[in-house]
Amino acid sequence: MSGRKQFIIVGVIILLLIAAAAAVYVAGYFPEGGKEMTYTSITMQEAKEIFETPGDYIILDVRRADEFAEGHIPGAINVANEDIADREPAELPDKEQTIYVYCRSGRRSKEASAKLVAMGYSHIIECGGILDWTGSVAE
């Protein structure tokens with residue numbers, strides 16, 4: 001086989017590999033039939049203003065149970081970030097429900113929000129950490 005044919009074959013193989021990698025990336029980034037799956041981020045001050053009015057939403061604290069017991073935003077439920085894996089949490093049965101996610105500083109809330117979105121939850125709002133919370137705290 002001549003050098004030119006080998007060059008063309010290698011080039012075609014590389015292009016096919018790039019196309020396959022792009023297809024895998026797009027399928028992961030747009031799992032819902034082409035709809036981008038992301039979450040929204042707001043500040044804890046914005047969240048505080050929202051929480052002042054009752055609504056059809058869940059406040060999700062993704063810290064460990066011992067951290068939650070030390071104090072949490074009133075009305076929050078607790079599912080530790082570490083417990084959000086491949087299965088939907090039983091505490092979050094409705095994937096269309098608006099869920100406000102927070103942790104201590106904001107790192108775990110971002111991780112948990114990304115995991116929930118990847119599981120198909122469509123209304124995830126990440127609001128940072130309780131360190132920035134200025135409202136009352138429940139124990």
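## A sheet and its helices

Strand β2 (residues 57-61) and strand β4 run parallel and are joined by five bridges. The model that shows this pairing is a predicted one. One point of contact between the two strands is Tyr57, whose bridge partner in β4 is Thr98. Another is Asp61, which stands opposite Tyr102 in β4.

On its other pairing, β4 is joined to strand β5 (residues 124-129) by four bridges, and these two strands also run parallel. Here Ile99 stands opposite Ile124 in β5, and Cys103 stands opposite Gly129 in β5. Strand β2 in turn pairs with β3 in the parallel sense, over two bridges. Within that pairing, Leu60 has Ile77 in β3 as its bridge partner.

### The protein as a whole

The protein contains four helices and five strands. Along the sequence they follow the pattern α-β-α-β-α-β-β-α-β. The protein has 139 residues, of which 35% count as buried. Its accessible surface comes to about 8600 Å², and carbon and sulfur atoms account for 58% of that surface. Among contacts between residues at least 6 apart in sequence, 68% join residues at least 24 apart.

### Cover over the strands

Strand β4 (residues 98-103) is mostly covered, with five of its six residues buried. In β2, five of its five residues are buried. Both faces of β2 are covered: Tyr57, Ile59 and Asp61 are buried on one side, and Ile58 and Leu60 are buried on the other.

Together, β4, helix α4 (residues 107-118) and β5 make a right-handed β-α-β unit.

Ala114 is a residue of helix α4. Its relative accessibility is 38%, and Ala114 therefore counts as partly exposed. Ala114 and Ile124 are 10 residues apart in sequence, and their C-alpha atoms are 8.7 Å apart in space.

### Aromatic pairs

How many aromatic pairs does a search of the whole structure find? The search finds four.

| Pair | Centre to centre | Angle between planes | Arrangement |
|---|---|---|---|
| Phe51 and Tyr100 | 5.2 Å | 85° | edge-to-face |
| Phe51 and Trp133 | 6.1 Å | 40° | tilted |

Why is the pair of Phe51 and Tyr100 edge-to-face? The planes of the two rings stand at 85°, and planes over 60 degrees apart count as edge-to-face. Phe51 lies in helix α2 and Tyr100 in strand β4, so this pair ties together parts that are 49 residues apart in sequence. Both Phe51 and Tyr100 are buried.

The pair of Phe51 and Trp133 also links distant parts of the chain, since Phe51 is in helix α2 and Trp133 is in the segment after β5, 82 residues away. Is Phe51 buried or exposed? Phe51 has a relative accessibility of 15% and so counts as buried, the cut-off for that class being under 20%. Trp133 is likewise buried, with a relative accessible area of 12%.

Ring pairs link Phe51, Tyr57, Tyr100 and Trp133 into a cluster. Tyr57 also takes part in the sheet, through its bridge partner Thr98 in β4.

Note on methods:
Residues numbered from 1 in each chain as written. Predicted model: local features only at pLDDT ≥ 70, side-chain atom pairs only at ≥ 80, totals over all residues. Heavy atoms only, no water. Buried < 20%, exposed > 50% of the residue type's maximum accessible area, 1.4 Å probe, protein only. Pairing = 2+ DSSP bridges. Right-handed = clockwise from strand over helix to strand, strands pointing away. Contact = heavy atoms within 4.5 Å. Areas by Shrake-Rupley, 256 points an atom, 1.4 Å probe, with all protein chains shown as cover. Phe/Tyr/Trp six-rings, centres within 6.5 Å; stacked < 30°, edge-to-face > 60°.
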